[in-house]
Amino acid sequence: MLGAKLKELRETNGMVQRQIAALLEVDTAFISKVEKEEKQISKNHIGRLAKLFKVSETELNSFWVADKILALIEDEKKENIERILDIVSVSKNIRAK
């Protein structure tokens, strides 16, 4: 999800992958893989990307965390995934009070 968001932001801002790669000090192939959801960027890069694209760091971080959660549960059965997400949702609501 973060990769697709970053690609959208990059294209909206008329940038090419090598510009993003230079900012993050990674190679262009890595950025390509991030955009294709094959690799995940470091959480340390979120702040620089948020500033570059003039978006909330919280928004990009939310996509980053969502990707991590999906990676953890991707091999679970559908009914287990629904139960896991329900538990997380209830737990978060309790803590947020």
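Lys39 sits in the loop that runs between α3 (28-35) and α4 (46-53), where helices are DSSP runs (H or I) of at least four residues, numbered from the N terminus. The model is a predicted one, in which local features need pLDDT of at least 70 and side-chain atom pairs count only at pLDDT 80 or more, while totals for chains, interfaces and linings use all residues. Residues are numbered from 1 along each chain as its sequence is written, and side-chain values use heavy atoms, with hydrogens and water left out.

**Surface patches**

- Lys39 gathers with Lys7, Lys33 and Lys36 in a surface patch of positive charge; patches take residues with over 30% relative accessible area and no salt bridge, joining like charges within 9 Å and nonpolar side chains (Val, Leu, Ile, Met, Phe, Trp, Tyr) within 5 Å.
- Lys39 counts as partly exposed because its relative accessibility is 44%, the class lying between buried (under 20% relative accessible area) and exposed (over 50%), with a 1.4 Å probe and protein chains only.
- Val65, Ile69 and Leu85 make a nonpolar surface patch of about 210 Å², with accessible areas taken from the Shrake-Rupley method.
- Leu85 belongs to helix α6 (residues 78-96) and is partly exposed, its relative accessible area being 41%.

**Nonpolar core**

- The largest nonpolar core has 16 residues, and those with the most contacts inside it are Leu2, Leu6, Ile20, Ile41, Leu49, Phe53 and Leu60; such a core is a set of buried Ala, Val, Leu, Ile, Met, Phe, Trp, Tyr and Cys residues joined through side-chain atoms within 4.5 Å.
- Two or more residues of this core come from each of α1 (2-12), α2 (17-24), α3, α4 and α5 (57-73), and α4 gives the most, with four residues.

**Salt bridges**

- The count comes to four salt bridges, each defined as a side-chain nitrogen of Lys or Arg within 4 Å of a carboxyl oxygen of Asp or Glu.
- Lys5 pairs with Glu8 in a salt bridge whose closest N and O atoms are 3.7 Å apart, and because these two residues are three apart in helix α1, about one helical turn separates them.
- Lys5 also meets Glu59 in a salt bridge (3.4 Å, N to O), a pair that links distant parts of the chain, with Glu59 in helix α5 and Lys5 in helix α1, 54 residues apart.
- Lys5, Glu8 and Glu59 are thus linked in a network of salt bridges, in which Lys5 is buried at 16% relative accessibility, whereas Glu8 is partly exposed at 44% and Glu59 is partly exposed at 30%.
- Arg10 forms a salt bridge with Glu11, with 3.9 Å between the closest N and O atoms; Arg10 is buried at 9% relative accessible area, while Glu11 is partly exposed at 47%.

Methods: Areas by Shrake-Rupley, 256 points an atom, 1.4 Å probe, with all protein chains shown as cover. Lys, Arg positive; Asp, Glu negative; His and termini not counted. Charge placed at Lys NZ, Arg CZ, Asp CG, Glu CD.
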